[in-house]
Every structure is written in structure tokens, then in C-alpha cells.
Number of protein chains: 4
Amino acid sequence: NFRTGVKILSQSGDHQAASFFKPVEEIMLPPNTFKNKVAFITGGGTGLGKRMTKTLSSLGAQCVIASRKIDVLQNSAEEISQETGNKVHAVQCDVRDPASVQAAVDELIRVAGLPDVVVNNAAGNFISPTEALSPNAWRTITDIVLNGTAYVTLDIGKRLIKEKKGAAFLAITTIYAESGSGFVVPSASAKAGVDALCKSLAGEWGRYGMRFNVIQPGPIKTKGAFSRLDPTGTFEKTMTDRIPVGRLGTSAEIANLVAYLCSDYASWVNGAVIRMDGGEYVFMAGEFNNLVKVTKEQWTLMESLIRQTKGS
Amino acid sequence: NFRTGVKILSQSGDHQAASFFKPVEEIMLPPNTFKNKVAFITGGGTGLGKRMTKTLSSLGAQCVIASRKIDVLQNSAEEISQETGNKVHAVQCDVRDPASVQAAVDELIRVAGLPDVVVNNAAGNFISPTEALSPNAWRTITDIVLNGTAYVTLDIGKRLIKEKKGAAFLAITTIYAESGSGFVVPSASAKAGVDALCKSLAGEWGRYGMRFNVIQPGPIKTKGAFSRLDPTGTFEKTMTDRIPVGRLGTSAEIANLVAYLCSDYASWVNGAVIRMDGGEYVFMAGEFNNLVKVTKEQWTLMESLIRQTKGS
Amino acid sequence: NFRTGVKILSQSGDHQAASFFKPVEEIMLPPNTFKNKVAFITGGGTGLGKRMTKTLSSLGAQCVIASRKIDVLQNSAEEISQETGNKVHAVQCDVRDPASVQAAVDELIRVAGLPDVVVNNAAGNFISPTEALSPNAWRTITDIVLNGTAYVTLDIGKRLIKEKKGAAFLAITTIYAESGSGFVVPSASAKAGVDALCKSLAGEWGRYGMRFNVIQPGPIKTKGAFSRLDPTGTFEKTMTDRIPVGRLGTSAEIANLVAYLCSDYASWVNGAVIRMDGGEYVFMAGEFNNLVKVTKEQWTLMESLIRQTKGS
Amino acid sequence: NFRTGVKILSQSGDHQAASFFKPVEEIMLPPNTFKNKVAFITGGGTGLGKRMTKTLSSLGAQCVIASRKIDVLQNSAEEISQETGNKVHAVQCDVRDPASVQAAVDELIRVAGLPDVVVNNAAGNFISPTEALSPNAWRTITDIVLNGTAYVTLDIGKRLIKEKKGAAFLAITTIYAESGSGFVVPSASAKAGVDALCKSLAGEWGRYGMRFNVIQPGPIKTKGAFSRLDPTGTFEKTMTDRIPVGRLGTSAEIANLVAYLCSDYASWVNGAVIRMDGGEYVFMAGEFNNLVKVTKEQWTLMESLIRQTKGS
Ligand SMILES: NC(=O)c1ccc[n+]([C@@H]2O[C@H](COP(=O)([O-])OP(=O)(O)OC[C@H]3O[C@@H](n4cnc5c(N)ncnc54)[C@H](OP(=O)(O)O)[C@@H]3O)[C@@H](O)[C@H]2O)c1
Ligand SMILES: NC(=O)c1ccc[n+]([C@@H]2O[C@H](COP(=O)([O-])OP(=O)(O)OC[C@H]3O[C@@H](n4cnc5c(N)ncnc54)[C@H](OP(=O)(O)O)[C@@H]3O)[C@@H](O)[C@H]2O)c1
Ligand SMILES: NC(=O)c1ccc[n+]([C@@H]2O[C@H](COP(=O)([O-])OP(=O)(O)OC[C@H]3O[C@@H](n4cnc5c(N)ncnc54)[C@H](OP(=O)(O)O)[C@@H]3O)[C@@H](O)[C@H]2O)c1
Ligand SMILES: NC(=O)c1ccc[n+]([C@@H]2O[C@H](COP(=O)([O-])OP(=O)(O)OC[C@H]3O[C@@H](n4cnc5c(N)ncnc54)[C@H](OP(=O)(O)O)[C@@H]3O)[C@@H](O)[C@H]2O)c1
């Protein structure tokens, strides 16, 4: 049976830890934190981006969301506007295409003005053995993730510089941007590129009033991500088993961190790359962490063996 | 003249960037976020620790601050209690001494109960050529910074495990924990050790309901730090010159990030190491960032030279 | 005067340190280490790549070098063949174009067979304020550096897997892949992507007999790099001033490390990212390293001020 | 049964990969590379240190090995001297004690002179749940690993500076110095401190002719390490299963890398931290690497499910 094939740790699965770490769904920042601010969110019509948009909108921002599917965007925009009472605009944009980006930014400025907040959240990804990828499949991912982020950033950044206006930029990458990972190699490479892009411009464009930060999320259940990264539903338990906090993250939690980083409370946070993953990354990477499975009795045995050891 | 001896970048010094990045002094989290919570802060009587304590206390926490100088602690405790209306306790503790730590934690539990929040903020540091350090000077720093953090964490952690109670741990390290740095080598080594300690326990102790995170601050003007790291006042301008955000940080900004990380809003943040430095680290580390000094005319010249280049 | 505009550290410039660290030009590995091995080196006709080729060829490898300028390649191939007595082949290839890569690999196999060693060394780069870059300029760099490396790796990797043959892959990136850097942002992003690509495949493709490692060089004077990164010759001194070893690197030094990493002596080195820069990176990144400029007398003054400090 | 309790990946265990990556036992560097050079190796009487000593001695170095057990050291010294024909000296030293270090360095200088090569290889470690550690157990490890390395480095460094002599320093840390790891937390913290110490002095002491580098080994079967880290022999298979190269490392492989880094061939390698682990670290850390267990048929199924996915 396939479902047991990819297990990493044994199947305790009760995840008592999770009872200590209940997700908070409420918005954290004070009302009107983003009053009179404009936020531009790519991929803002679905998944994490939609929730970020809702949070920023609730906090007073005028949001503009952009991606390829205009109908999805319009539905989300309307839904959020109605809930928060603040206007959300939908703009069609394929971030791979500089002309489409330019047109979308023109539209952004027309409907809302130059942004105070830019969230590079759009991405594409799917699991595959790397040897099964065509050059075209490779390029599709790096085009969306790395070049797309660059085109949006270049286009908006140039206009901000011209108008001497500052802004807070944020990119959503992933925990495996740091380590790399097999089976999502174009994504790992492109996301690592985005991390470097943000750290680079944090150094170069601070003088123009722009800040750049990154959130690296661990697994959060969205249709977009999980349908392409865990199509059979097998992987979810494996991941939960190795997250010390005992559960997946929620989009509300990411949205609160996004709001903080894009707000003036974080105006001294620049060039930071922030992992939010319940501890999954450090758990996986730490060579001896799988000893969580060792029982009390086994520890007693091992301790006595270690004590008996003499010399090297 | 000495003051020019340690300049790194030329003296533009206007720091226009700072006008974009005004520090926010207000508290960010909703009132009562830490209602009925107990927070233990080492080094909480001065500098950054004092401000963290004030912020947590304002948000409803019962705070216990601990360090060597009981009079300083008592003054700070009283001052904050009066301002926030929530009790702050002062407990004498030398973190280098396990017995002193144990006594302080006994006292913590006696006056307030097991903590929900533990901030390992106490530290010692001073600049010196490494060849001028005695083994004793070396050990003093690693004893406070690394072993002290470990003793506090071990003592409280064991009691929490026994009582099946969770908690959020936070350590304050420094941006040079990552890169290392000359002239503060015992501090760099010990702080890197603290980062590893926190990442390790983020993996191991999540199952007991504990989270562990780190803030790596850049320069923030406190008497404790600046009197020992910049005794002649020479270095401050140098640092400001290479911070893209154009200014030092404030203790209020750190305190807001501390409060977030120790609150339930961050219950999925575990094993994270968060730089807060206005971008100083990425600016220093990036090989070509000193080209910020190049003028428009020089760029025009260089661009034309580059265009004329043929081949390799 | 422009030349003083970008100085970072003051102009001591004697660089006594360099006298301790004389570069060794001789080849390190035993003769015939690469006997009966085939090595494919992109960008192998110039600069660092040419020297790597010479070293591998001297050690017995049959080398195939590939880049756009076939005349340059042919000259280098002939020169090296004559010197080492081992055949070097020149193959035209634009790594940005998957079809060109495929044709070049066909040719590689035709003339020499499947490779045992693959060095992804080709790259493009130039300094520029990021706001002066068009989307096209951005894409040119990421296409060569990241996608080009991927196309070569995918094409050769698939064939190796099919033939159940192993190989050692090596990529040449840069010290600023880690930190990012302003003014070379497309290169920083794409090189960070290459680092992630190599770490990812080190995990995924080990089972097929392939190893993947990275060298991150600091500044080494080649026409290709320096004409585009230091067109006015201003920057070289600045860099030398902050390299603890007191000098730039040499292509012979890189070539010896390349040969080691691609040899069977390093068969347990996989997923490693190795900085070779004389210490420039850690020197730049470490917050207090500019105190190297402080004189003995100033230290005496500072030490006495620090000793007088009481409390925090 | 305990042995199945700590399995991480399923038990394929055939490790075909290893057939591609045969360890080379021969010495890599040219004869006499260390002719007229003096090397000081802590912990040089056993395990990895003994093999490094043998390699350096074979290459012409006069070696001085130091640790607590003088009989073990003397046996190893004699054995190696006889094999290589070059004198190896044994010196008793407990690196935790500055006076013992000073006496050992006095002895080193008396018998061989100031060293050209210093390898900080001595260490202590054992697995344990962190909550089972006393403050004393914690301190024992940090005293050996971090303070011990510092005392040796400070003592020798000061004498080298005084005599204006350069040297190559190398420290042996571990792959989990970077990520941290549960169940070996004092070791993880102290080793991370050693990494920072080396990076710091790479920046600060280059001007005195000293270089500092680090090797982070993965698992290599020595009695000293495995008896305390895998007392029941359970863990070895787990580790091998997640090393892409399909096998543990050998001490000969480490010794060749040590010799390179301490030789003049590496005189431009400074401040480098080099992982040598067959790819274990990147494999563990990469979130999707456990998909190596997915079969061809499962991939076909998953690919078709992914293709059917529409939207996000
Ligand atoms: N969920 C997780 O577990 C997880 C973990 C780590 C990182 N992340 C990151 O979080 C971000 C959001 O992911 P998600 O989980 O919310 O998935 P998602 O709902 O699929 O979000 C991806 C968004 O990107 C947009 N997009 C894709 N291609 C585009 C293009 N060419 N131009 C413009 N927009 C494009 C999509 O909209 P259209 O289809 O309309 O274009 C979609 O709204 C991504 O950056 C992802 O890598 C997610
Ligand atoms: N300010 C900055 O620019 C900066 C930058 C990076 C990191 N940091 C970090 O931020 C933290 C706070 O620093 P700060 O700037 O606020 O300086 P500070 O006011 O000097 O704080 C240090 C605190 O540690 C306490 N402490 C020292 N030795 C102790 C011991 N043996 N046992 C118990 N407590 C001890 C001191 O109190 P007693 O003297 O009463 O013991 C003092 O309250 C430190 O971890 C520091 O490394 C600061
Ligand atoms: N020198 C340094 O200081 C330094 C520092 C850090 C990293 N590096 C890295 O070291 C490597 C070698 O650089 P170098 O200094 O030796 O400079 P170089 O001589 O300019 O080498 C670059 C090579 O890449 C080839 N190339 C460029 N575009 C290509 C394309 N589209 N397709 C195929 N080949 C292409 C060039 O040949 P054609 O023009 O014939 O195509 C050239 O041979 C590069 O990866 C560079 O990033 C160098
Ligand atoms: N083997 C592995 O898998 C592995 C993996 C990663 C890292 N490492 C590192 O590689 C190095 C060598 O380890 P190994 O595997 O070869 O184990 P080992 O044989 O146990 O080596 C440790 C050495 O340290 C010496 N030592 C311990 N305490 C000392 C003290 N207080 N003063 C002076 N010397 C002391 C020991 O000699 P005495 O008992 O005579 O003092 C012994 O020779 C260590 O740094 C270890 O952390 C090993």
C-alpha cells in the first residue's frame, strides 16, 4: 500500500503536542494599521494570498490582487470587500510576462495609487523526479517564481524610486529554499533565488525607502499546494509527524506575520528571512532528532551501555 | 584622530533613508494578550530586557526579572509595576551559577508560578583583540552567554516537563552569531552556541509543549552594550552608515517582536532565528553593496566601459 | 576622484598578510588521477574554466569544453592539448538554449563518451544599479546562470541515469550567493538558485551514482569577471584590503580544489558548498572586523574606558 | 524490538549507491608536502585524529598529539612513527584546563617548535534526552569542545603572533552544528560555537598569517563516537539509509581533506566551513527527499492526479 511507502517516522500520530499550540485565528494588529495604505498581493485570490489580503483589508488597507484567473480574483475580491468594508481590486496578470506585469502595475496605480506594501506570493510547483522534467517544465517554474518576482519588484521599484516613495516588500518562499530538496528542484532553486533577491535589495534599495523580507512557510493546507505536492494525501501525516508543534500551520497565522512584517511596527526589520513551520525544518535537519521515538526503557539501556564505555 | 580611524564607508551621513522608517514606539499586540501569563526575563532590569518587561507587563503578564544587581532590578520592577499596574518581581540571579539559577527559579515559582514565557536575554560582552584575552576572560563570557542560557533553560524546562506545562522560550543573540566576528570572539562563539541550543530544543522539546526561537538584533543604543562595544563613541556613525534603513534600532521595536514571538499568535513559529537589524547584516555581507557610494556620473562611465568589453 | 569614492577600508595596502599565504601554482593531485575519465566544462575556454581544464587534462582527463565562442574554445583546446598531451575537444553551446545544450551533449558523447565529471562554470554578470535593469537584462543573467546550469545538468543527468553511470558534478557560484548583494542582483539570485539546485540533487540523485558540490569563489582576476565587475579598476584594492589573506585568489588554486572535488578522493563529499575567498566573506559579514584599523594606543584608551564602565 | 523503533526511512538497505562511491584509502597529496612542518593535533591518539596524524606524518610532518590518556597517545605515536619514519610526539593535555594546555604547548615547542598546523579535533559527546542532563554534564561538554578549542587556539595563537609566524588552523565540528539537533544539545551548541570561533578568527587573525577552517563530518565509524552515539548499534543503518552516497565515511577520506586544508595548496581557503557527509545533511533537511521511496507506479498515479488538478 502506497500510503505506508513514504512514512518517515513511526506512526504515533496522536500529536499531543498540538494541544499546547492552538492556532489563533484572530487578527493581531490594531485596527486601521493599514489605513490609507495600498497593498499589492500577487496570487491574492486563493490560498495563503487570499487570507493575507483579507487580513490587510480588515486592517484598513486598500488591496489589489493579481494573478492569471480573473474570475477567481474577482470572486475573492468581492467576498473580501464585503466582509471588511474596504475595497479590494482584481487585476489580471501573468507574472512571467513583463508586459503583463507592466499593464497590471499601471492598473494598480490607476485604481489605488503606488503601493505601500507588495507581497510576492504567486508561485507554481509540483512534485516530480527531476529526471522526468523537460527543460520547459523547469523553465515554467523558474519563470513564475524567480523571474515573476523580479519583474514585479523591478517594475514597482522603479516607479517608487521615481516618485521617492517607500514601501515594504515581502516574498513568500519555503523552508526548502535553504536546504534545497529533491523532487521539487525547480521550485527549490527559484525560491532560493527569491531569498537572495530580497536580501540583495534589502541592502541596495533601503536608501530609497524600501524594505525587503521573506517568510519561509512550512506546510499549510491549501488546495493549490497540497493537490500538487501531496496528490494522494499520503504525505500530510508524515509531515505532521515531524513537526514538533504537532500540526500543520494555518493561513491565519501566516497572515498575522505578513501583516506585522509589512507594517511600520517592523520598520527596522529588513533583509530578514523568517521560517514559520512549527519547527519542521530544524527537526528534519537535526541528525539525532529521530531519537524522539526511543522509549524510557531503551534510554535506560543505552545510558548504561554508554556509561560502561571506556576510552576511544 | 581616532574617530576617523575606524570609518568603513565614506561619511555621507545624511541618512535620508531614516525618514522612511520611523520607529513606532506604541505597543502592537492587543491588550491583555498576556493576561494570566507569567514571564521570566533574565537581564530584565536594564536595556532591552527592561523594555521587553515593560511591554509584556503592559500586555497583562506577571513578570519576573532576574540578574545580579538586585537594586537595579528592584528599581526597574517598581517603575514598571507602577506604570503598567501589573506586578513585576525582582529576583537575584547569577546565571553562571547553577545553584543561583535553581534558587531564582524556586523564587520565580513561589512568587508567580511556572512561567509561560522565558526570555534568555542576559549577556556579557566587550570588544578586545582576541590575543589580549586570558582564558579567564574567554570563559567569563561563554559562562554567562552559553552556559547561563543553558542552566536557565534546563532548570525551567525540567520543571515544565514534570508539570506537563508548555512555554514559549526566546533567546536574544546577535547578528554576528551567524558570521562570527573578530574582536568579540567569545561573544560570537557563545551566541552561536545559543542559536544552536534553541534550534536543537525546538526539535526535541516541542512534544512537551515548548517552543524556542531567537532574535538576532543589530545595534540598539543601550548603555550596557554601547559602553563596552563603542567606548569612544566612534563606531556608532560607522554602523548607521551601513544600515540600509539609515538608523539604529529602538528597544520598543525589539519589544514588540519579542511580545509577538512569545504570544500565541506565534504558536507555529518554532526553531526560527530572526534577524532584526535594519538590513545591516545583508548590507555588510554583500560583496558589492559598497557601490552605493558610486555617483550617477561614475555609473555612466562604468556602464560604457562594460558595454565596450568584448569576450573574456 | 572616483577611485576614492568606493573605498571601504582605509588604505593601508601593504598587505603583509599576503607574504604568509603564497599561492601554490603546482598541481596537487597525483598524476593520472583522471586517467580514462571524461570531463565536461562549460565556459572552459576562458578564465577559471580554462585553468580547470588544463589541470584536469594534465591529470589525464579527456576534456570537452563548451561555450558560445567556438574560436576561443578551439584555441584554448589546442593550447591545452599541446601542453598536456591529452586531447581537449571544443564544442559550441549556448547554455540558455535547451536544443543547443542537447546538441552539445550529443557531440560530447560522440567525441568522448558520457562524462565522469561535469563542471557548470559558464556564467554571465555585470554590475549595475538594479533599477537600471530591464526585464530582459534580468532574464539574460538568470537564463545563463540558473537555467543554463539546469539544462546541462538535466540533459546529462538523464543520460547517465539511463546508462546507470555515475558522475561528479560541480558548480562554480560565488560568495554572494549566500548573502545576496546589491548591484549584481540577477547574478546573486541565479547563483543562489544554482546552490539550491546542487544541494537538491545531492539528495535526490545520489542513488544514481551522482555527487553534486559547489565552490563559491571570492575575487580572482580574470578578464571576464573584472572587466564587468570592476571596469575602472577601482574595486580591486578595496577587495584586497578586506581579504584577511591579503591577496586575490589565483585560478591555479581554484583548479586544485576543483580537481579534488571531482576526484574519487572526494567521493564522500556530496551536497557541500565550499567558500574559497581568502576569508573575504567572513571578514565583511562580521560586524566588528573593521576594528583591525584600531591602533595599539587606541586599544589602550578603549580598554581603560571599558574597565571604568559600571553597570548597564 | 528496539532496533525498529528508531528507523527513519524504510529498510531498502541495499545501498546500491555505495558501489559508485568507493572510498579511496591512499594519500592524496604529494610526498613531503609537510616536510619541515610541525603539526599539533588534539585527540590525535584515537579515531579520526589518529588517522589525520598518520596522514600528516606520512607527508613529512613532525606531529605532536595531545589528549588526556598518555598511554594511548604513546602507543599511537610509536605506531605511526614506525610506519612513516617521521617522529610523532605524545603530550598529555586536558584541554578543559588552561594550565594543562599551556604546559602542553610548552612541551610542543620544546620537542618540535611552534606549529605550522593546528587541528582542534578533541571532543566529548554522548546521546541523552536533554532533560536528563545535569548542569555539570552540560558544562563538561562545552568545556571540552568550545572552551578547550579556545584555550588551545588562544595559547598557540598568542605565541605565533609574538614570533610573527603563521599557521593553518583546522577544527573538526559536525553537520549538526548548523541545524542544531536534539539529544546531543551540549555538543551541538559547543560545536556551533567552534564554527563561529573559526570564522571570527579567520577575519581577525589573517593579518598575522593564520588561516582558520572547519570540517563538519557526518558519521564515520570510530569507537569513540559510535559507542556513545549509537550504543546499541541501531542507528547505523538509519544513517546509512539517508546518506545519498550509500555508506558511512572513512577516516582516510577525512584525513585527505584535512591534509589539503592544512597545506599551502589551500592557502586561499580561510573562513570556510566544509561539510563532508556523503550528502546526509542535505538529504535530511530537504522536505521532499523521502519521496525516494515512491515507486515508479506510484509516480505514474501521482503525476496523473496532479495533471487533473485545476486551479487553486
Ligand atoms: N501552502 C503551503 O504549504 C506552502 C508552503 C510553503 C510555501 N508556500 C508558498 O505560499 C504561496 C501561496 O501558495 P498557496 O499554498 O496559497 O497556493 P495557491 O493557492 O496555489 O497560490 C498560488 C497563487 O499563485 C498564482 N499564480 C500562479 N502562477 C501565476 C502566474 N504565472 N502569474 C500570476 N499569478 C500566478 C495563482 O493564481 P492563478 O492560478 O490565478 O494565476 C495562485 O493564486 C506560494 O508562494 C507558495 O510557494 C505555500
Ligand atoms: N544593544 C545592542 O545593540 C544589542 C545588539 C545585539 C544583541 N544584544 C543583546 O541584547 C541583550 C540585552 O543587551 P542590552 O543591550 O540590553 O545590554 P544590558 O543592559 O547590559 O543587558 C545585559 C543584562 O544582562 C545581565 N547580566 C549580565 N551578566 C549576568 C549574569 N552573570 N547573571 C545574570 N544576569 C546577567 C545584566 O544585569 P546585571 O548586571 O544586574 O547582572 C543586564 O541586565 C543581550 O543578550 C545582548 O547580547 C544587544
Ligand atoms: N573571477 C572571479 O572573481 C569569480 C568570482 C566568483 C565566481 N566566479 C565564477 O567563476 C566562473 C568563471 O568565471 P571567470 O571569472 O572565469 O569569467 P569568464 O572567463 O568570463 O568565464 C565565463 C565563461 O562562461 C561562458 N559563457 C557565458 N555565457 C554563456 C552561454 N550563454 N553559454 C555557454 N557559455 C557561456 C563564457 O564563454 P563564451 O563567451 O564563449 O560563451 C566564458 O567562457 C563563473 O561562474 C563566475 O561566476 C568568478
Ligand atoms: N566519528 C564521527 O562520526 C564524527 C562525526 C562528526 C564529528 N566528529 C568529530 O571528530 C572528532 C574526533 O572524533 P572521533 O570520532 O575520532 O572520536 P574519538 O576517538 O573519541 O576522539 C575524541 C578524542 O578527543 C580526546 N579528548 C576527549 N576529551 C579530551 C580532553 N578533555 N582533553 C584532551 N583531549 C580530549 C580523546 O582522547 P582522551 O580520551 O585521551 O582525552 C580522543 O582522542 C571529534 O571532534 C568529533 O566530534 C566525529
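**Figure 1. Residue classes in the shell around ligand 4.** The shell around ligand 4 comprises 12 nonpolar, 10 polar and five charged residues. Here Ala, Val, Leu, Ile, Met, Phe, Trp, Tyr, Cys and Pro count as nonpolar, Asp, Glu, Lys and Arg as charged, and the others, Gly among them, as polar. The model is predicted, so that local features need pLDDT of at least 70 and side-chain atom pairs count only at pLDDT 80 or more, whereas totals for chains, interfaces and linings use all residues. Residues are numbered from 1 along each chain as its sequence is written, chains are lettered from A and ligands numbered from 1 in the order in which they are written, and side-chain values use heavy atoms, with hydrogens and water left out.

**Figure 2. Ligand 4 between chains A and D.** Ligand 4 is located between chains A and D. There are 27 residues around ligand 4, and A:Ser312, D:Thr46, D:Ser67, D:Arg68 and D:Thr222 come nearest; a residue is near a molecule if one of its heavy atoms lies within 4 Å of it. In chain D, helix H2 (47-58) and helix H8 (223-229) each give at least two residues to the shell. H8(D) has the largest share, three residues. Helices (H or I, at least four residues) are DSSP runs, numbered from the N terminus.

**Figure 3. Polar contacts of ligand 4 with chain D.** A polar contact with the ligand is a pair of N or O atoms within 3.5 Å. The side chain of D:Thr46 places a polar atom 2.6 Å from an oxygen atom of ligand 4. Accessible areas come from the Shrake-Rupley method with a 1.4 Å probe.

**Figure 4. Ligand 3 between chains B and C.** Ligand 3 lies between chains B and C. Among the 27 residues around ligand 3, the nearest are B:Ser312, C:Thr46, C:Ser67, C:Arg68 and C:Thr222. An N or O atom in the side chain of C:Ser67 is 2.6 Å from an oxygen atom of ligand 3. A nitrogen atom of ligand 3 lies 2.9 Å from a polar side-chain atom of C:Asp94, and a polar backbone atom of C:Cys93 is 3.4 Å from a nitrogen atom of the ligand. The protein covers 93% of the 870 Å² of accessible area that ligand 3 has on its own. H8(C) contributes the most to the shell, with three residues.

**Figure 5. Packing of H4(D) and H5(D).** Helix H4 (residues 98-111) and helix H5 (residues 135-162) of chain D pack at an angle of about 45 degrees, and their axes are 9 Å apart. Axes are lines fitted to C-alpha atoms, for helices over the stretch in contact, and angles run from 0 to 180 degrees between N-to-C directions. H4(D) and H5(D) are therefore oblique to each other; angles under 35 degrees count as roughly parallel, over 145 as roughly antiparallel, 65 to 115 as roughly perpendicular and the rest as oblique.

**Figure 6. Packing of H5(A) and H7(A).** In chain A, the axes of helix H5 (residues 135-162) and helix H7 (residues 185-204) come within 8 Å and cross at roughly 15 degrees. H5(A) and H7(A) are therefore roughly parallel to each other.

Notes. A polar contact is a pair of N or O atoms within 3.5 Å; within protein, one must be able to donate a hydrogen and the other to accept it, and residues adjacent in sequence count only if both atoms are side-chain atoms.
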